[in-house]
Amino acid sequence: MILSSPLAALGRSTLALLAALGRFVIFTAQTISHLARPPFYPREFGHALMQIGYFSLPVVGLTALFTGGALALQIYAGSARFSAEAVVPQIVAIGMVRELGPVLVGLMIAARVTSSIAAEIATMKVTEQIDALVTLSTHPMKYLTLPRVLAATLVMPMLVGVGDVIGIYGGFLVGTERLGFNATTYLKNTADFLEMRDIVSSLAKGAVFGFIAALMGCYYGMNSARGAMGVGRATKGSVVAAAILILAANFILTEAFFSA
Amino acid sequence: MIRLTDVHKAFGSNRVLRGVNLHVPKGTSMVIIGGSGTGKSVALKCVLGLVAPDSGTIEVDGQDVRKGDRDAFLARFGMLFQGGALFDSLPVWQNVAFRLMRGSLKRPKDEAREIAIEKLRRVGLKPDVADKLPAELSGGMQKRVGLARAIAAEPEIIFFDEPTTGLDPIMSGVINELIREIVTEMGATAMTITHDMSSVRAIADNVAMLHDGVIKWTGPVAQMDASGDPYLDQFIHGRAEGPIEAVR
């Protein structure tokens, strides 16, 4: 009896975890399957593009600018120990494009967009707006989930691209204004060192992170419990899950692109 | 027209519906009454397919609601939700014309707006409300917009979920009158759930009392006061003593 209780609890937790995983996989498959089945809602898609893409530009730009600048300072301080200060442009470029650009943009989008999607959809669920959609012959996944997930997947590579450029510019500003680098040499070193593979991996990571961020917001929103506490839990859960999945996906994608 | 036969529904260990049998003839207004948490909303949602019953059958015009074209089925219905359930991000006229702007009933935008304004007028709202957002309206106005949306596509069947909850007595009377007028002039079949007895007397042709997951009594509203059913009697007179346990 003493042993069976913890074992039963473990069994219940495992079953609950597997059930949640199953629900999430089904949700993801349903979302993707709606890509090929009309009707489509271009107005909702356009609205999602603006909300996720255009209105995220300030936060993405500022995050990248400060990170690029700080990265240049750190690399300069670290490389000075080996008299290798000249590598600052190359390391800033590679660091921003391969890792910091996509990951930081992904995490900022998880904070800004995932939370907003989850809170919006959860509130719609609590106030019966999702039921109302169904009674008005509109599939909630088609109307709410697909436009957001598709928009985030398509617009995130652009945000990551913008973040990469601004991050490198942040490093350039610090390098030329504070650390005494020649502007032309800095830019030449940056351009010479970056490979097409770096840029492709950065944009691909962006697409995957965008998919994850929007999907988690929609999933937690649609499965929210009732009441203000339910909406709060859905919002918190969506951001935590999106952030963890983005970091895990980043590791897998880095392994896939650069392990050879 | 609508027939529920031995419908059961449980949420975990909570058996909400335990064999509901109910018939709503075409063109009549059925009001389901019962205490909070007795499964009135669940019964309504089972008919619409928003909640899947565990067992039993639900038929509309002899057709099982789980079979056939779902869009065509839902196009026959209009529903007024308890809290209005208006879409916050859309202006009032787009809420009302939502069904008319997409899917099989899609109309040109101008025509959809015209119909929306006409329906708003029908529920006593001025055209200047059309471009406001739902959050800018009072509770009573939101209910009216919800009503306008429910009737926008002229459905054969209209459901009203607690239409007067949260409204003052005067606004409740206005909404009750509107519902009665609209149902009569459209010739629609209506199902309303409420525990507001003034709504029951204003809206109903027939009444069904839901308690403990089953229909305890059903009959014409005129016979309600002399039903002799102890459950119904206690409920309509609001007595604390009787077969329905009052949790204090």
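## Chain A at a glance

Of the 260 residues in chain A, 43% are buried. Keep in mind that this is a predicted model. Chain A has nine helices and zero strands, so a walk along its sequence simply reads α-α-α-α-α-α-α-α-α.

Along the principal axes, the C-alpha atoms of chain A fill a box of roughly 65 × 55 × 35 Å. As for who touches whom within the chain, take the contacts between residues at least 6 apart in sequence: 88% of these join residues at least 24 apart.

Most peptide bonds are trans, and most residues other than glycine have a negative phi. Where does Pro39(A) sit? Look in the loop between α1 (4-33) and α2 (42-52) of chain A.

## Positive phi in chain B

Over in chain B, two loop residues deserve a look at their backbone angles. Glu162(B) is not a glycine, yet its phi is positive, at about 45°. Glu162(B) belongs to the loop that runs between β7 (157-161) and α6 (169-186) of chain B. Is Glu162(B) buried or exposed? There are 21 other C-beta atoms within 10 Å, and the cut-off for buried is 20 or more, so Glu162(B) counts as buried.

Asp212(B) is also a residue other than glycine with a positive phi, here near 55°. The loop in this case lies between β9 (206-211) and β10 (214-220) of chain B. Asp212(B) has 15 C-beta neighbours inside 10 Å, so this residue is classed as partly exposed.

## Two helices side by side

Helix α5 (residues 139-151) of chain B packs against α6(B) with the axes 11 Å apart and an angle of about 10° between them. Because angles under 35 degrees count as roughly parallel, that is the label for α5(B) and α6(B).

Which residues make the contact? On the α5(B) side they are Gly140(B), Lys143(B), Leu147(B) and Ile151(B), while α6(B) brings in Met171(B), Ile175(B), Leu178(B), Ile182(B) and Met186(B). Sorted by class, the α5(B)–α6(B) contact has seven nonpolar residues, one polar and one charged.

## Where the chains meet

How many residues of each chain are in contact with the other? Chain A puts in 11 and chain B 15. On the side of chain A that touches chain B, the residues split into four nonpolar, five polar and two charged.

Definitions and conventions
Residues are numbered from 1 along each chain as its sequence is written. Chains are lettered from A and ligands numbered from 1 in the order in which they are written. This is a predicted model: local features need pLDDT of at least 70, side-chain atom pairs count only at pLDDT 80 or more; totals for chains, interfaces and linings use all residues. Helices (H or I, at least four residues) and strands (E, at least two) are DSSP runs, numbered from the N terminus. A residue is buried if 20 or more other C-beta atoms lie within 10 Å of its own, exposed if 12 or fewer, and partly exposed in between; C-beta atoms are placed from the backbone. Axes are lines fitted to C-alpha atoms, for helices over the stretch in contact, and angles run from 0 to 180 degrees between N-to-C directions. Angles under 35 degrees count as roughly parallel, over 145 as roughly antiparallel, 65 to 115 as roughly perpendicular and the rest as oblique. Two residues are in contact if their C-beta atoms, placed from the backbone, lie within 7 Å. Ala, Val, Leu, Ile, Met, Phe, Trp, Tyr, Cys and Pro count as nonpolar, Asp, Glu, Lys and Arg as charged, and the others, Gly among them, as polar.
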